[in-house]
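Thank you for letting me take a few minutes today.

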Amino acid sequence: MGNFNIGERGMLFAEIIWSNEPVTSKRLTELCQERLNWKRTTTYTMLKSLCDKGIFKNDRGIVTSLLTREEIGALKGTEIVKEDFDGSLPRFLTAFTRRNKLSSKDIDELQKLIDNYKEE
C-alpha cells in the first residue's frame with residue numbers, strides 16, 4: 001500500500017481536482033493560481049507527486065482522479081491504525097474515545113457495522 005498521507009496542501013489541491021474533473025492541466029494551473037496563489041511549477045510538482053501515489057492520472061493533459069475523497073480517507077485511516085496502533089482497530093477506538101465521546105447515533109452505526117461484518 002502506498003503513502004496516502006498527502007498533507008493539508010495536497011488535500012487543498014485534490015479538492016480542486018475533484019471539484020473540476022476532468023480538468024485540463026492548463027486549467028488546473030489557473031485554478032491553483034487563483035485559489036492557492038501557486039506558480040505553474042508548484043502545481044505540476046504537486047500533480048506529479050499525487051499521480052505517482054496513484055491518486056490522480058494525467059493523460060495527455062487531462063487530469064482525473066483514480067481515488068475518491070472517501071477512498072483517500074479510508075486509506076489514510078488504515079495507515080494510521082496499522083502504523084500507530086499495530087493494526088489493532090480496537091486499540092485505535094479506545095484511544096479515539098478517550099478524547100472523543102461517541103453519540104448514541106455513532107454507537108448504533110458502529111454496532112450495525114460490527115453486526116454486518118461479524119465472522120460466523
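Within what distance do the axes of α1 and α2 come, and at roughly what angle do they cross? Before I answer, please keep in mind that this is a predicted model, in which local features need pLDDT of at least 70 and side-chain atom pairs count only at pLDDT 80 or more, while totals for chains, interfaces and linings use all residues. Residues are numbered from 1 along each chain as its sequence is written, and side-chain values use heavy atoms, with hydrogens and water left out.

The axes of α1 and α2 come within 11 Å and cross at roughly 130°, where axes are lines fitted to C-alpha atoms, for helices over the stretch in contact, and angles run from 0 to 180 degrees between N-to-C directions. The helices themselves are DSSP runs (H or I, at least four residues), numbered from the N terminus. That angle makes α1 oblique to α2, given that under 35 degrees counts as roughly parallel, over 145 as roughly antiparallel, 65 to 115 as roughly perpendicular and the rest as oblique.

On the α1 side, the contact (heavy atoms within 4.5 Å) is made by Leu-12, Phe-13, Ile-16, Ile-17 and Asn-20, and on the α2 side by Leu-28, Leu-31, Cys-32, Arg-35 and Leu-36.

Helix α1 also packs with helix α4, residues 69-84, at an angle of about 150° and with the axes 11 Å apart, and these two helices are therefore roughly antiparallel to each other. Here Met-11, Glu-15, Trp-18 and Ser-19 of α1 meet Arg-69, Ile-72 and Lys-76 of α4.

Now to the rings: the structure holds 4 aromatic pairs, which require ring centres of Phe, Tyr or Trp (its six-membered ring) within 6.5 Å, with planes under 30 degrees apart counted as stacked, over 60 as edge-to-face and the rest as tilted. One of them joins Phe-13 and Trp-38, stacked at 5.6 Å centre to centre with 20° between the planes. This pair links distant parts of the chain, 25 residues apart, with Phe-13 in α1 and Trp-38 in the loop between α2 and α3.

Phe-13 counts as buried because its relative accessibility is 0%, and Trp-38, at 8%, is buried as well; buried means under 20% relative accessible area, exposed over 50%, and partly exposed in between (1.4 Å probe, protein chains only).

The rings of Phe-85 and Phe-92 have centres 5.5 Å apart and planes at 80°, so that pair is edge-to-face. Phe-85 is buried at 17%, whereas Phe-92 is partly exposed at 24%, and together with Phe-96 they form one aromatic cluster.
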